[in-house]
Every structure is written in C-alpha cells, then in structure tokens.
Amino acid sequence: MDIKRLLRQELERITPTREELTMLGSLAVLFKEALDKELGKAKLDADLFIGGSFVKGTLVKNEGYDVDIYTRFSWKYSDLDKLLKSPLERTCKALKFNFETVHGSRDYFRVHANVPGKKVILEIIPVTRINKPHEERNVTDLSYFHVNYVKKAAKGLEGEIRLAKAFCRAQGVYGAESYINGFSGYGLECLIIHYKSFLNMLKQLSKIDDERLVIDMKKTYKNKQELLISMNEAKTRGPIVFVDPTHKDRNVLAALNHESIVKFKDAALRFLKSPRENFFRKKEINYEQFAKIARQKKAEHIVVNLKTDRQEGDIAGTKMKKFSNYLRMELNKIADIIEFEFGYGNGKESKVYIVAKPRSEIIRVGPPVDMAKYVKEFKKNHKDTFVKNNIIHARIKLRHGLKEIISKITSDNNKLESMGIVDITIKN
C-alpha cells in the first residue's frame, strides 16, 4: 500500500471523534470547577489547569482515556498531596466519583469518572506554582511549561505526533515507566517538533548507531562536549540525549534505554521497507504463538504467571520486570533462549513467555591447577574434569526439562520477597 495513503487511514482511525473530545472537555471542566471551589473553601492558594495530550491536541483514540488536571500550589506550601486530598475527597463525593492514591516521587490521585460506555480516568496532580523551569522541586512542576510549549510549537503537527505515539505503543516502546523504558509522550512530541514529520523521525532515528544521538534544538550548548559535561551524567546514559526546550538541564528521553531503541529501529526499518497497518496494532502475546515457535524450533515453551502485592502501574510493573530479568539471566546459564517476552498491561499480574532449549551439559570453571588444595576439593565434587589454560574445569550433565529448571530458579523465596513477588504459576 502507498505509505502516504496508509498514514492517512491510520490517522483517521487513531484520532478521537469530536463527540469524544467534547465529552472529555466537558468532564474535565466540570471537575476542575468543582475542585476549584473546594480549594477556595479550604482557603488554599492554588489554581488549576488542564494538561496532558488532551489539551495539547495529541491524544490518541483508545478504549479509555486519561485527562491530567494539575493543581498548582503556592511556593510556600509543602506536602502538596496531603493538602489536596481533603478538597479532592469532597469533590469526588459530590460528583459520586471514586479515587485512589498513586504513590511516586510525589503522590497524585487517580479519579475514576462515571462515564457510560467509556473508561475515563482523571489524574489529579499536585505541583508547585513556579515562574521559571529551573525552580522546580519535582519533575511534575514542569508540566505547565511543557503544555504551553507543545501547544505552540506543535501547531499543525498534531497528527504526526499521534502517528508516532500509536506506532511506538504498538511496538511496546511507548512510556517512560521503568518496566518499559521507552519514549515518553512529551519526548515524542519534541521529536516530531524537531523532525517535522513521523516519516522523517523514523528515517532519522533508524540511522542511530552505537554513538549517542544528541539533539539540542535551541542550541543551548556550544557543542556536544559541553552538553555532556554540563548535564547530569545519569540523564545522558541512554541512546538519545534530547535537551528539553523548556529546561536545558533535562533530557526528555532520559528513560529511553538501548533495548527499546533497538526494538524501535527494527520496526522502523521494516515499516519503511514494507509499510503495513499492523505496525500500528499492538501485537498480542499469546500462548499458541509461542507453542508454535517451540514446535518449529524443536524447543520447549513455558508461560510463567507472576503476581505482586505492590501498587498497580509503574511500581508493580517494575518489580515484575525486574524479576523477569533475573529469571532470564539465570535461565541463560543453562539453556539456549529462543524467545523471551515479558507482558504487562496493568494490575498486579504479568506473564513471561519463554521458548528455550535446555542444554545437555554446562562447563563449570574451577581454580588454577597450582592451587592443589582447591583443585582436590573441586575434583571431589565433580567427576568429569579437564584442564584448559592451566585452570581446571568440570563437565556437568543436565537432565532437567524447562519446567523443572524454571521451578528451581523461582523457588528462592528470599529473591521473590525482595522483588515483591507473592505468587508464581508455571504452565507448559
């Protein structure tokens, strides 16, 4: 299919309808006005603004929607979440909405709005009212500047941004959460503002090699060297350093890791070579798909179900992803991994899909041959030994199947507890 025609069709599909946008706007204004009254009754020096993709005009059509409402408190206040909670409780009670606290670097609140036939979440975020970006106490304080910047700089590029978000979401690289380490929404908005189109973004980012890509749109720094010296080292470790147009000390793509950029590049190159609509459809991981791969590769397959007791979202996802990484590392020592996928949407459960071939033997490295005492002990514990490069080694035969191997790796209760895993089930 012609790539421009495909993009037009996809843009039409992923753009919210006028009715949806009107509904979200009315709901956000209703809640904002109600909360504003409660803040006034509490005599708190605060004002509210609606932000996020909805206000920027970059919202992607979905089964459910999130709308951000920021409460900007005076600089004189601290413990903003505690100040906000009581007025929020009264507002939700009056509107018959439920809400929950989301813990993070600064707690915020998730309000579940009663909208027939549509899941709508209002995220109520307390921030400090600042005049300049460098005055921020928390990264969320910068949202006000991000909204205003994108509304102005992305004028006419909203559709390109929607395409970028839908593409990255389908490839599993959308989101700055620790269990994704992908492109944040604001990061993609800045990339499109810089590259001017979705296609150009794909073409340019698909050229990334081992050298970090540095983008400084406003030429805040004299050169790349000055930028890397001046900016916090932790913010420049990833594959792309994109200087925040509103705050020179921030990298808007600091969360992006090498694994995500590799996945993105692979998808971008394949799309540019053969554009198809399925690049904008999230691939559903399923048991049958992995079973088929296992049969084709004459391997074994396992699905590991993980359950955590940690808070849903970033915390739960990060804990389970961490355990998934540990499982992969340990499995790699005694099996050849063909496919390994971690799947998490929300909630407190996730799945790890594995296709692997257990090895028939492994080689264990022992002490140098001149350490006679330890060599004797090593030979005592291992029957089949040999010397290589003046170091004794042992061949260890393995007879366990994939399920038994996984069961043994996941039997370490201390490891499970440290990562917040409360239950594991294994299916083959």
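## The β13-β14 hairpin and its sheet

Asparagine 389 takes a positive phi near 55 degrees in the hairpin of β13 and β14, where two residues lie between the strands. Helices (H or I, at least four residues) and strands (E, at least two) are DSSP runs, numbered from the N terminus. The model is predicted: local features need pLDDT of at least 70, side-chain atom pairs count only at pLDDT 80 or more, and totals for chains, interfaces and linings use all residues. Residues are numbered from 1 along each chain as its sequence is written, and side-chain values use heavy atoms, with hydrogens and water left out.

Strand β13 (residues 385-388) pairs with β14 in the antiparallel sense over four bridges; two strands pair if DSSP finds at least two bridges between them. Lysine 388 has isoleucine 391 as its bridge partner in β14. On β14 (residues 391-397), strand β12 (residues 361-368) also pairs in the antiparallel sense, over six bridges. Isoleucine 363 is bridged to arginine 395 of β14, and valine 365 to histidine 393 of β14.

The three strands form an open antiparallel sheet in the order β12-β14-β13. Its edge strands are β12 and β13, each pairing on one side only. The twist averages 30 degrees from one strand to the next; axes are lines fitted to C-alpha atoms, for helices over the stretch in contact, and angles run from 0 to 180 degrees between N-to-C directions. Helix α13 (residues 372-381) lies across β12, β13 and β14 and runs at about 160 degrees to β12.

Strands β4 (residues 108-113) and β5 (residues 119-128) run antiparallel and are joined by five bridges. Arginine 110 has glutamate 123 as its bridge partner in β5.

## Aromatic pairs

The structure holds 19 aromatic pairs. Rings of Phe, Tyr and Trp (its six-membered ring) pair if their centres lie within 6.5 Å; planes under 30 degrees apart count as stacked, over 60 as edge-to-face and the rest as tilted. Phenylalanine 167 and phenylalanine 271 form an edge-to-face pair, 5.8 Å centre to centre with 70 degrees between the planes. Phenylalanine 167 lies in helix α6 (residues 158-170) and phenylalanine 271 in helix α10 (residues 258-273), so the pair ties together parts that are 104 residues apart in sequence. Both phenylalanine 167 and phenylalanine 271 are buried, that is, under 20% relative accessible area, whereas exposed means over 50% and partly exposed lies in between (1.4 Å probe, protein chains only).

Phenylalanine 323 and tyrosine 326 form a tilted pair, with 5.7 Å between centres and 50 degrees between the planes. The two residues are three apart in helix α12 (residues 314-331), and are therefore separated by about one helical turn. Phenylalanine 323 and tyrosine 326 are both buried.

## Charged side chains

Arginine 137 lies over the face of tryptophan 75, at 3.8 Å from the ring centre. The charged end of lysine 427 sits over the ring of tyrosine 287, 4.2 Å from its centre. A charge sits over a ring if NZ of Lys or CZ of Arg is within 6 Å of the ring centre and within 35 degrees of the ring normal.

Arginine 250, in strand β8 (residues 247-251), is buried, with a relative accessible area of 16%. A polar contact of 2.8 Å joins its side chain to that of aspartate 244. Such a contact is a pair of N or O atoms within 3.5 Å; within protein, one must be able to donate a hydrogen and the other to accept it, and residues adjacent in sequence count only if both atoms are side-chain atoms. Beyond its neighbours within four places in sequence, arginine 250 touches residues including Val139, Leu142, His146 and Met231.

## Overall figures

The protein has 15 helices and 15 strands. Its C-alpha trace spans about 80 × 50 × 45 Å along the principal axes. Of its 428 residues, 46% count as buried. Among contacts between residues at least 6 apart in sequence, 65% join residues at least 24 apart.

Technical notes:
Contact means heavy atoms within 4.5 Å.
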